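User: I am new to this structure and would like to understand the words used to describe it. Please go through them with me one at a time.

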Amino acid sequence: MNALIISKILENAQSQGAQIELDIGGAENHALLQAVEKMTLDAVPRTRKPGKIETLPSFKDEAKAMKEEVDRVMSSNHVLQERFSSVQNDATKLAKENAALKNEVTGLTRKVNELSGNRAESKSERESSNAQIERLEDELERYRQESAKRISESPQFQQMRDLMKRQNDKMKQLRRKLQRYEPEENSKEDDDDDEDI
């Protein structure tokens, strides 16, 4: 557009009889052109502050951090498995105690049957034995219910079960993230981890 305006001015000047000579040497002066370019570049506002360069996070650092998180979750999972084993041992002990009480009831029942066969036994002894058997059977049943309730409803057992589920979900999520960054190494580690669990 500037060239069009200059062209019109030159034509008007020539039509009125003016002799105009154009010196294009100034237009070809590179030093002047660079100075003009610098002025236009300096006039543009800068959005970045000098000295602050943002760097992208390194994939290696992220992969290392994820591996550390996986290791931490694995150790936490190991602790939870130990706790779970402890609860299972307690449940086994309770089952053994239940079996011992059942054996005692069976022995008393046998004894009552033997005594009931003996006609010389007094009626009061039979009633006493029957009462004792009923008491032991009631106690055994109460003990069974108590132990089952204690194991399944104990806050530690429920918390541990929930925590193990969350930790396993977290490990799966971390494995998927790690798979994106290091698919070959991670597939070998997944195979090893699956064998451990």
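Predicted model: local features only at pLDDT ≥ 70, side-chain atom pairs only at ≥ 80, totals over all residues.

User: What makes the reach of helix α1 close to the expected one?

Analyst: Helices are DSSP runs of H or I with at least four residues, strands are runs of E with at least two, and both are numbered from the N terminus. Helix α1 covers residues 2–15, which is 14 residues. The expected span is 1.5 Å times one less than the number of residues, and α1 reaches 20 Å from its first C-alpha to its last, close to the expected 20 Å. In the whole protein there are 6 helices and 0 strands.

User: Why is Q167 called buried?

Analyst: Q167 is called buried because its relative accessible area is 10%, and buried means under 20%, with exposed over 50% and partly exposed in between (1.4 Å probe, protein chains only). Q167 lies in helix α5 and, leaving aside neighbours within four places in sequence, is in contact (heavy atoms within 4.5 Å) with V73, S76 and L80. Buried residues make up 17% of the 197 residues in the protein.

User: Why does E146 count as partly exposed?

Analyst: E146, found in helix α4, has a relative accessibility of 36%, and therefore counts as partly exposed.

User: Which residues line the largest pocket, and how do you know which class they belong to?

Analyst: The lining is made of V87, D90, L94, R150, I151, S154, Q156 and F157. By class, there are 4 nonpolar, 2 polar and 2 charged residues, where Ala, Val, Leu, Ile, Met, Phe, Trp, Tyr, Cys and Pro count as nonpolar, Asp, Glu, Lys and Arg as charged, and the others, Gly among them, as polar.

User: Which helix gives the largest share of that lining?

Analyst: The largest share, 3 residues, comes from α3, while α3, α4 and α5 each supply at least two residues.

Key: Residues numbered from 1 in each chain as written. Heavy atoms only, no water. 1 Å grid on protein atoms, 1.4 Å probe; cavity = no way out; pocket = protein on both sides within 12 Å on 5 of 7 lines; lining within 4 Å.
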